[in-house]
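Colleague: Hi! Could you walk me through this one while I have it open?

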Amino acid sequence: MSRLYFYPKMDYQQGETKNPYVKDFENALSVHHEVINKKFNSTGVLDLFKYLFKADIYLFNWIEEIPRRRLGKFQVPIFVFFLLTTKLFRIKVIWVLHNKYSHNLAKNKWSDFMYHLMMKNSDLILTHSSNGIEFGKKRYPKAVKKIKYEIHPIKSRLNAEYAEKKYDFIFWGSIQPYKGIVRFLKFVKERKDTSTIKILIIGNCLDVDYKKQIESYVCSNITYKEKFYSFEDIGKFAAQSKYILFTYSRSSVLSSGALMDSMRMNCRVIGPNYGAFQDLSYLTMVNTYNDFEDVLKILSLDQLQPIDNTELDIFFKENSWLAFAHKLNVYTSELLLKR
């Protein structure tokens with residue numbers, strides 16, 4: 001069993017978005033690997049050096065966001081030195097490419113540097129979207145052979161419950177500017193033929209200015225419930241909605257854990273014709289759009305397209321976290337044979 005350092009090691013319940021991806025990933029890794037860093041990372045990149053003589057593999061999620069963290073500009077050169085050290089000791093580095101750049105950080109010289117650094121020094125780059133490979137071909141052609149596409153793992157479906165459709169669209173989760181909700185609300189408000197569309201927005205918004213923008217659109221047909229809801233409660237709201245709508249910007253999005261969780265709710269999804277949404281648009285429950293006019297066209301269909309449950313049962317089985325753990329083990333075994 002290979003020894004693996006996993007980053008970031010954190011308590012997802014304490015994060016702004018309470019995203020369970022990190023914990024689910026670590027649990028999956030533990031099937032075939034020994035995750036050697038047991039405690040939460042509290043010392044930044046310095047923590048990496050504590051395991052240099054213990055780890056066979058370092059696996060990084062969102063390491064490219066170091067520059068925007070506390071003392072981030074000082075941590076970058078230390079991280080560069082760390083990567084040089086892994087080459088010296090023949091330790092393998094895996095990087096998960098989640099986005100084309102940070103959702104919350106405008107593209108700049110620091111993000112460019114970190115992406116270049118990871119593309120060059122990673123031994124394996126995982127992406128949950130086929131557009132991740134296209135991104136590599138365009139920006140980092142020498143790294144393409146190292147990029148592997150695996151669908152974002154998914155957990156089991158919620159029990160389907162029938163509910164009257166009170167809303168046409170629901171937005172759920174942490175409310176952040178990159179999700180483009182205000183752009184869609186503005187689009188709806190400016191049209192005369194959308195006055196009856198009912199929209200539900202649920203979730204916390206820590207950006208005060210963005211929260212005010214959303215609240216300015218609240219009316220009899222647009223409801224905003226600012227509160228953190230459990231996944232089960234979100235599922236109940238989704239059951240009352242015709243579609244879960246994603247209005248992410250194409251400029252940064254590749255994969256989407258929220259898409260996978262939405263599929264678990266047995267609700268039809270509409271998302272941009274890009275990234276994971278495009279990859280999974282062959283499924284009966286996933287619809288894509290090129291512009292907001294397409295969203296209205298999908299809504300205007302006389303009746304909702306039936307969801308193919310047999311198709312989904314197969315999809316959930318083939319893309320479970322356990323199945324992902326087995327696929328990843330094949331990759332890591334191949335890496336370690338090259339040491």
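Predicted model: local features only at pLDDT ≥ 70, side-chain atom pairs only at ≥ 80, totals over all residues.

Colleague: Thanks. What is the strand order of the open sheet?

Modeller: The order is S9-S8-S7-S10-S11-S12, six strands with parallel pairing. At the edges are strand S9 (222–225) and strand S12 (286–289), each of which pairs on one side only. From one strand to the next, the twist averages 25°.

Colleague: Which strands does H6 touch?

Modeller: H6 packs on the sheet and touches S7, S8, S9 and strand S10 (241–245). Its direction makes about 160° with that of S8. H11 packs on the sheet too, touching S7, S10, strand S11 (268–272) and S12. The direction of H11 makes about 140° with that of S12.

Colleague: And at what angle do H6 and H11 pack?

Modeller: Helix H6 (residues 181–189) and helix H11 (residues 292–299) pack at an angle of about 70°, and their axes are 11 Å apart. The two are therefore roughly perpendicular to each other. Their crossing is right-handed. On the H6 side, Arg183, Phe184 and Phe187 make the contact, while H11 brings Phe292, Glu293, Val295 and Leu296.

Colleague: What about H6 and H7, are they roughly parallel or perpendicular?

Modeller: The axes of H6 and helix H7 (residues 208–215) cross at roughly 20° and come within 10 Å, so these helices are roughly parallel to each other. This crossing is left-handed. Here Ile181, Val182 and Leu185 of H6 meet Tyr210, Gln213 and Ile214 of H7. By class, that contact has five nonpolar residues, one polar and no charged.

Colleague: Changing topic: how many residues of helix H1 are buried?

Modeller: Seven of the nine residues in H1 (residues 21–29) are buried, so the helix is largely enclosed by the rest of the structure. The buried ones are Tyr21, Val22, Asp24, Phe25, Glu26, Ala28 and Leu29.

Key. Residues numbered from 1 in each chain as written. Heavy atoms only, no water. Axes fitted to C-alpha atoms, helices over the stretch in contact; angles between N-to-C directions. Helix = DSSP H or I, 4+ residues; strand = E, 2+ residues; numbered from the N terminus. Parallel < 35°, antiparallel > 145°, perpendicular 65-115°, else oblique. Left-handed = near helix turned anticlockwise from the far one by under 90°. Contact = heavy atoms within 4.5 Å. Buried < 20%, exposed > 50% of the residue type's maximum accessible area, 1.4 Å probe, protein only. Pairing = 2+ DSSP bridges. Nonpolar A, V, L, I, M, F, W, Y, C, P; charged D, E, K, R; others polar.
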